[in-house]
Amino acid sequence: MPAKKYMTWAAVAFVAFYVIKQPSGAAQSVHSAAGGIASAAGSLATFVNALA
């Protein structure tokens, strides 16, 4: 279990470093991820509506 804890902290540190050093890049990454999630949700909604 300690390895999982260390990996979590390493990921948090990496994200914090990325946000501090590349704020515009971090914002673009979040924007892209949100667009991908919205697209996936739209596709899922279309699929569910097609079942009816």
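**Entry 1: overall form.** I began with the radius of gyration: the protein has 17 Å, whereas a compact globule of 52 residues would have a value near 10 Å. I noted at once that this is a predicted model. Next I looked up the box that the C-alpha atoms fill. Along the principal axes I got roughly 45 × 35 × 5 Å.

**Entry 2: make-up and surface.** I counted the secondary structure elements and found 2 helices and 0 strands in the protein. Then I checked burial. Of the 52 residues in the protein, 4% are buried. I also took the accessible surface of the protein, which comes to about 4500 Å². Carbon and sulfur atoms account for 75% of that surface.

**Entry 3: helix α1.** I turned to helix α1, which covers residues 2-21. Does its length fit its residue count, or what span should I expect? At 1.5 Å a residue, its 20 residues should span 28 Å. I found its end C-alpha atoms 28 Å apart, so the two agree. I then asked how many of the 20 residues of α1 are buried. The number is 0, so α1 lies largely in the open.

**Entry 4: a surface patch.** I looked for nonpolar side chains on the surface. F14, V15, Y18 and V19 form a nonpolar patch there. Together these four have about 370 Å² of accessible area.

**Entry 5: V19.** V19 sits in helix α1. Its relative accessible area is 43%. Buried would need under 20% and exposed over 50%, so I put V19 down as partly exposed.

Notes:
Residues numbered from 1 in each chain as written. Predicted model: local features only at pLDDT ≥ 70, side-chain atom pairs only at ≥ 80, totals over all residues. Heavy atoms only, no water. Helix = DSSP H or I, 4+ residues; strand = E, 2+ residues; numbered from the N terminus. Expected span 1.5 Å × (residues − 1). Buried < 20%, exposed > 50% of the residue type's maximum accessible area, 1.4 Å probe, protein only. Patch = residues over 30% accessible without salt bridge, like charges linked within 9 Å, V, L, I, M, F, W, Y side chains within 5 Å. Areas by Shrake-Rupley, 256 points an atom, 1.4 Å probe, with all protein chains shown as cover. Rg over C-alpha atoms; globule rule 2.2 N^0.38 Å.
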